[in-house]
Amino acid sequence: MALAFDEFGRPFIILKEQEQKTRLRGLDAQKANIASGKAVARILRTSLGPKGMDKMLQSPDGDVTITNDGATILEQMDVDNQIAKLMVELSRSQDYEIGDGTTGVVVMAGALLEQAERLLERGIHPIRIAEGYELASKIAVDHLEHIAQKFDFGETDLEPLVQTCTTTLSSKIVNRCKRSLAEIAVKAVVAVADLERRDVNLDLIKVEGKVGGKLEDTELVYGIIVDKDMSHPQMPKQIEDAKIAILTCPFEPPKPKTKHKVDIDTVEKFQTLRLQEQKYFDDMVQKCKDVGATLVICQWGFDDEANHLLLHRNLPAVRWVGGVELELIAIATGGRIVPRFQELTSEKLGKAGLVREKSFGTTKDRMIYIEHCANSRAVTIFIRGGNKMMIEETKRSIHDALCVARNLIRNNSIVYGGGSAEISCSVAVEAAADKYPGVEQYAIRAFADALDSVPMALAENSGLQPIETLSAVKSQQIKENNPYCGIDCNDIGTNDMREQNVFETLIGKQQQILLATQVVKMILKIDDVISPSEY
């Protein structure tokens, strides 16, 4: 295919061997669509579970990302096929709604497509398959409600939350520090949560990273960290009981909006101009001192003269602080953002118990810590790591853990992981299939087989015999009537996920099944693929 232009400069496309190109219709279109969806699912299948492999992605400008987060892998892949883009959006939907399970939902959708292909080859109409899948998904979601357990937690007893976040982090690169990172994530969520309303605002949790140190040095700061330093090296590095003026107006004389020209032809005129400028700076600094500010945080920069005056008047300052950080500082300290010096009053100052500048290693990297704030409902997770890739992957892992903790505060129902929930749902759907006399029965059984693909992928990725392991666990579940038996990925010696403390959120698992079914139904109903050149 090539792009060309006619004599009027209008573009048109030249298709090579156009007479050989055929438009896909009917069963051929459906099979082509299923093949595209399966191809995407196959890429993510090996990343599922605690022993899942990582993917290395290189962007066009040479940046390298190493991750096993499904949403990140699909987001950074350059996908052209429209059906493959649907799978990318499926993963993104799971990420936006739940924050975890982005790999599992694509693997599930791929398995449903694979089963649908077999049914299409047997001559079953795609609409009947879609209807059967819809019935089966309702059975599975209702069964998850049945096997789910509720747990109680409080501000003093956070262990159930920590264990669930540990399960989430066990499949990430950072799994060697999963316990400490899970505790940090849970403490951060509880700090900003409104437990009475069961609501969490994740915008109040800032995740900051700095290359250097080791992953174990990651810490939770009850306050805000700003990646800046004091504007002058001789300013104090630690301020207790700080009163903070948060400014979005620059420390400089006002500039006229129109074009202007100043003619200075004598020394006296220059001296007058310099004194006038100095008076502006003096008035600004004095205004901050008069209202009782002991620290100035400014969105804009200021020149050396203003910096010198601030040092001379013993008023520490931080410049070039971003707008989002200013908002978080205002929330944490209870201050107000001031757009003009004339509006600055003592009531608009933020209050913090301690503001300190901390330097890292042998480099000149410094950061400002604002701690013991008036409103403690704004926290920062500060990540350390050996390189930028490690820090970025830890940020993604922490995001998943934060989302899981938030979901549990909203709905404290859990199901057990390790594929136990999928196997239990598969058994329930298989049993329910006999109640449906129509062709949908075949689709419901196919749905049950597709549910088995998740525990099978877990076993495969853990180096176990997939079919043998799945058969043994399924047989154990039916024999003992125990829906908590799953795949022993970590080779601990027990299949009971309650003993292994492997939890997942109920709403996350239900969302996976519903979203995967929804997308597969959409793909099955497409029977004609028309390219733009045929319009």
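**Exercise 1. At what angle do helix α12 (residues 420–433) and helix α13 (residues 440–451) pack, and how far apart are their axes?**

This is a predicted model, where local features need pLDDT of at least 70, side-chain atom pairs count only at pLDDT 80 or more, and totals for chains, interfaces and linings use all residues. Residues are numbered from 1 along each chain as its sequence is written, and side-chain values use heavy atoms, with hydrogens and water left out.

Step 1. Find the helices. Helices (H or I, at least four residues) and strands (E, at least two) are DSSP runs, numbered from the N terminus.

Step 2. Take the axes. These are lines fitted to C-alpha atoms, for helices over the stretch in contact, and angles run from 0 to 180 degrees between N-to-C directions.

Step 3. Read the values. The angle is about 165 degrees, and the axes of α12 and α13 lie 8 Å apart.

Step 4. Classify. Angles under 35 degrees count as roughly parallel, over 145 as roughly antiparallel, 65 to 115 as roughly perpendicular and the rest as oblique. Therefore α12 is roughly antiparallel to α13.

**Exercise 2. Name residues of α12 and α13 that make the contact, and sort the contact by class.**

Step 1. Apply the cut-off: contact means heavy atoms within 4.5 Å.

Step 2. List the residues. α12 gives Glu422, Cys425, Ser426, Val429, Glu430 and Ala433. α13 gives Gln441, Ile444, Arg445, Phe447, Ala448, Asp449 and Leu451.

Step 3. Sort them. Seven are nonpolar, two polar and four charged.

**Exercise 3. Describe how helix α1 (residues 26–45) meets helix α3 (residues 82–97).**

Step 1. Their axes come within 8 Å and cross at roughly 45 degrees. So α1 is oblique to α3.

Step 2. The contact uses Asn33, Ser36, Gly37, Val40 and Ala41 of α1. From α3 come Ile83, Ala84 and Met87.

Step 3. Five of these residues are nonpolar and three polar, with no charged ones.

**Exercise 4. Which residues of helix α10 (residues 323–333) are buried, and what follows the helix?**

Step 1. Buried means under 20% relative accessible area, exposed over 50%, partly exposed in between (1.4 Å probe, protein chains only).

Step 2. The buried residues are Glu325, Leu326, Leu328, Ile329, Ala330, Ala332 and Thr333.

Step 3. Next comes Gly334, with a positive phi near 75 degrees.

Technical notes: Ala, Val, Leu, Ile, Met, Phe, Trp, Tyr, Cys and Pro count as nonpolar, Asp, Glu, Lys and Arg as charged, and the others, Gly among them, as polar.
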